[in-house]
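Please look through the sequence and the structure shown here before reading on. The notes that follow are grouped by topic and can be checked against the picture one at a time.

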Number of protein chains: 2
Amino acid sequence: MGRGEPNTRSRLERAAIELYLERGFEGTTVAEIAARAGLTERTFFRYFADKREVLFGGSAELQCLLVEGVADAPATASPIEAVAAGLAAVAPIFDGRWSGARKRQAVINANPELQERELIKLATLASAVTEALRERGVAEPAASLAAQAGLGVFHVAFQLWVTAPRKSDLARRFEESFATLRIVAGS
Amino acid sequence: MGRGEPNTRSRLERAAIELYLERGFEGTTVAEIAARAGLTERTFFRYFADKREVLFGGSAELQCLLVEGVADAPATASPIEAVAAGLAAVAPIFDGRWSGARKRQAVINANPELQERELIKLATLASAVTEALRERGVAEPAASLAAQAGLGVFHVAFQLWVTAPRKSDLARRFEESFATLRIVAGS
């Protein structure tokens with residue numbers, strides 16, 4: 001398997017998030033994460049640059065799928081429909097990860113520095129979507145406005161999904177929030 | 001005048017921003033700001049907690065006017081119209097401050113840490129607007145979605161205004177961007 005067993009990464013992720021919830025993000029060391037996972041520190045650093053990357057390492061994949069989804073939307077799609085296609089493309093990566101996403105969110109909600117990192121992640125995604133819309137020929141400021149509103153949908157719908165008492169379909173939450181945005185912003 | 005001459009604050013602000021542009025934000029000390037303004041460090045600290053507050057000290061006033069503007073919108077206003085009323089209420093504080101706003105923006109664009117602070121400011125404003133919409137009886141997720149889209153308008157229109165080669169009317173930029181959002185998000 002090249003860089004170790006296929007589940008090494010997820011073992012490290014699970015151990016890290018358990019410890020962040022028990023001891024706080026600041027109060028956890030890489031040595032403790034590795035020990036909890038039954039692995040060495042060296043193995044940890046083969047997968048993650050630092051303990052924050054355990055929480056944000058998925059951002060690059062998310063951005064890639066989002067941008068591809070926007071680019072691949074039908075030529076007839078309006079700007080906001082193209083952004084909706086991007087969100088529809090990323091929803092499946094959260095399938096089967098609701099429980100992990102809830103724990104990750106609890107870790108982030110407990111730490112202002114991680115909340116700032118999450119805001120930066122969203123702003124980076126908004127820039128990438130703006131660029132993808134421009135490449136579809138959408139003029140400014142329509143591209144920026146559609147990207148900002150669309151990432152607002154991502155943020156609000158994701159929060160609804162991750163904080164709800166029961167697991168639900170994230171793609172549906174995205175669709176419903178776009179429908180609400182249409183009503184809210186279109187009047 | 002209680003806490004010194006009425007223009008002491010703006011003298012300090014001007015001196016600080018000049019130095020941030022010349023030497024970078026990191027490379028400037030409070031002692032240098034005070035000296036450039038012909039004042040003492042002690043006077044600086046009577047107005048600002050630290051050198052970052054020179055750039056972000058206006059956030060509280062901005063948030064206050066924004067929230068009041070949302071609250072005071074006519075009862076018949078839709079959620080996004082209420083947010084637009086909030087933005088219309090803040091536009092006048094930037095009247096006559098275009099040149100200063102451009103310099104401030106140049107300082108922020110040169111420093112990733114200040115850019116993060118700006119993102120946090122926008123997120124804080126979005127939360128305050130969400131709360132103001134809820135108090136108008138707007139249900140969730142409509143309140144959050146309208147606030148996020150509205151702050152997207154604030155961000156995009158402000159950037160257009162501050163980066164344009166000529167001074168223009170910020171209130172008009174806000175109105176035009178809301179009109180574009182309606183087209184972009186309503187289809």
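B:P141 has its place in the loop between α8 and α9 (142-163) of chain B. The structure is a predicted model, and the values in this briefing are computed from that model. In chain B the peptide bond that leads from B:E140 to B:P141 is cis, with omega near 5 degrees.

- In chain A, A:P141 is likewise found in the loop between α8 and α9, and the peptide bond from A:E140 to A:P141 is cis, with omega near 0 degrees.

**Chain A as a whole**

- Chain A has 10 helices and 0 strands, so that reading its elements from the N terminus on gives α-α-α-α-α-α-α-α-α-α.
- Along its principal axes, the C-alpha trace of chain A spans about 55 × 35 × 25 Å.
- Of the 187 residues in chain A, 46% are buried, where buried means under 20% relative accessible area.
- The accessible surface of chain A comes to about 9,100 Å², and 53% of that surface belongs to carbon and sulfur atoms.
- Among the contacts in chain A with a separation of 6 or more, 64% are accounted for by residues 24 or more positions apart.

**How the two chains are related**

- Chain B can be laid on chain A with an RMSD of 0.0 Å, by a turn of 180 degrees together with a shift of 0.0 Å along the axis. The two copies are thus related as by a two-fold rotation axis.
- Which surface does each copy use to meet the other? Because 100% of the interface residues of chain B are also interface residues in chain A, the copies meet through the same surface.

**Helix α8 in chain A**

- Helix α8 of chain A covers residues 112-135, which makes 24 residues, and from its first C-alpha to its last it reaches 35 Å, close to the 34 Å expected at 1.5 Å a residue.
- At the start of α8(A), a side-chain oxygen of A:N111 reaches to within 2.9 Å of the backbone nitrogen of A:E113, while α8(A) is followed by A:G137, whose phi is positive, near 95 degrees.
- The buried residues of α8(A) include A:L114, A:I120, A:L122, A:L125, A:V129 and A:L133, and also A:E118, A:K121 and A:T130.
- What covers these buried residues? Within chain A the cover includes α4 (53-56), α5 (59-71), α6 (79-90), α7 (98-109) and α9 (142-163), and it also includes α8 (112-135) of chain B.

**Helix α8 in chain B**

- Helix α8(B) has 24 residues and reaches 35 Å from its first C-alpha to its last, which is close to the 34 Å expected at 1.5 Å a residue.
- B:N111 caps the N-terminal end of α8(B), with a side-chain oxygen that lies 2.9 Å from the backbone nitrogen of B:E113, and just after the helix B:G137 takes a positive phi of about 95 degrees.
- Among the buried residues of α8(B) are B:A126, B:A128 and B:A132, together with B:E118, B:K121 and B:T130.
- The cover over the buried residues of α8(B) includes α8 of chain A, as well as α4 (53-56), α5 (59-71), α6 (79-90), α7 (98-109) and α9 of chain B.

**Single residues to look up**

- B:T130 lies in helix α8 of chain B, and because its relative accessibility is 8%, B:T130 counts as buried.
- B:R42 and B:Q63 are 21 residues apart in sequence, and their C-alpha atoms are 28 Å apart in space.

**Cysteines**

- A search of the whole structure finds 0 disulfides over all chains.
- A:C64 counts as partly exposed, because its relative accessibility is 42%, and B:C64 counts as partly exposed at 41% relative accessibility.

Terms used
Residues are numbered from 1 along each chain as its sequence is written. Chains are lettered from A and ligands numbered from 1 in the order in which they are written. This is a predicted model: local features need pLDDT of at least 70, side-chain atom pairs count only at pLDDT 80 or more; totals for chains, interfaces and linings use all residues. Side-chain values use heavy atoms; hydrogens and water are left out. Copies are superposed by least squares on the C-alpha atoms of residues with pLDDT of at least 70 in both. Contact means heavy atoms within 4.5 Å. A disulfide is a pair of cysteine sulfur atoms within 2.5 Å. Buried means under 20% relative accessible area, exposed over 50%, partly exposed in between (1.4 Å probe, protein chains only). Helices (H or I, at least four residues) and strands (E, at least two) are DSSP runs, numbered from the N terminus. The expected span of a helix is 1.5 Å times one less than its number of residues. A polar contact is a pair of N or O atoms within 3.5 Å; within protein, one must be able to donate a hydrogen and the other to accept it, and residues adjacent in sequence count only if both atoms are side-chain atoms. Accessible areas come from the Shrake-Rupley method with a 1.4 Å probe; for residues, only the protein chains shown count as cover.
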